[in-house]
Amino acid sequence: MRINVGVDVAKDTHWVVAVNEQGEVLLDRALDNAPSAIEKLIEDLGRLGGERVVGVDLLGGIATLLCAMLLVAGEKVVHVPGLVV
């Protein structure tokens, strides 16, 4: 099962939504831009199983911590520019 995860990156609080192939929402919540909150997200994503792709709308700057932690955890991270959305 493929799961698409989208992250709307912001300075203090990101927003994360995960949907499966049928469009069912599996996760929809705020995410503090802090290591402990990102670790919890990574655990929650792992529990979802499936093949996951995480799209983020920004690279570098305020998205650096999030992207680095996701990549270290083995998540596939892609950039989805805001204009595409």
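A salt bridge is a side-chain nitrogen of Lys or Arg within 4 Å of a carboxyl oxygen of Asp or Glu. The model shown here is predicted, and 5 such salt bridges are found in it.

**First stop: E51 and R2.** Select E51 and R2, whose side chains form a salt bridge with an N to O distance of 3.9 Å. E51 belongs to strand β4 (residues 51-56) and R2 to strand β1 (residues 2-8), so this pair ties together parts that are 49 residues apart in sequence. Both residues may then be coloured by accessibility: E51 is partly exposed at 48% relative accessibility, and R2 is partly exposed at 33%.

**Second stop: the sheet.** Display the strands next. They include an open sheet of 5 strands, arranged in the order β3-β2-β1-β4-β5 with mixed pairing. Strands β3 and β5 (76-79) stand at the edges with a single partner strand each, so one side of each has no neighbour in the sheet. From one strand to the next, the twist averages 20°.

Within the sheet, select β1 together with strand β2 (residues 13-20); the two pair in the antiparallel sense over 6 bridges.

Which side chain meets that of R29 in a salt bridge? Selecting R29 and D44 gives the answer: their side chains meet at 2.8 Å, N to O. R29 lies in strand β3 (residues 25-32) and D44 in helix α1 (residues 35-48), so the pair ties together parts that are 15 residues apart in sequence.

Is D44 buried or exposed? D44 is buried, with a relative accessible area of 12%, because buried means under 20%. R29, at 23% relative accessibility, counts as partly exposed.

R47 is exposed, with a relative accessible area of 60%.

To complete the tour, select K40 as well: salt bridges that share partners join R29, K40, D44 and R47 into one network.

Terms used: Residues are numbered from 1 along each chain as its sequence is written. This is a predicted model: local features need pLDDT of at least 70, side-chain atom pairs count only at pLDDT 80 or more; totals for chains, interfaces and linings use all residues. Side-chain values use heavy atoms; hydrogens and water are left out. Helices (H or I, at least four residues) and strands (E, at least two) are DSSP runs, numbered from the N terminus. Buried means under 20% relative accessible area, exposed over 50%, partly exposed in between (1.4 Å probe, protein chains only). Two strands pair if DSSP finds at least two bridges between them. Axes are lines fitted to C-alpha atoms, for helices over the stretch in contact, and angles run from 0 to 180 degrees between N-to-C directions.
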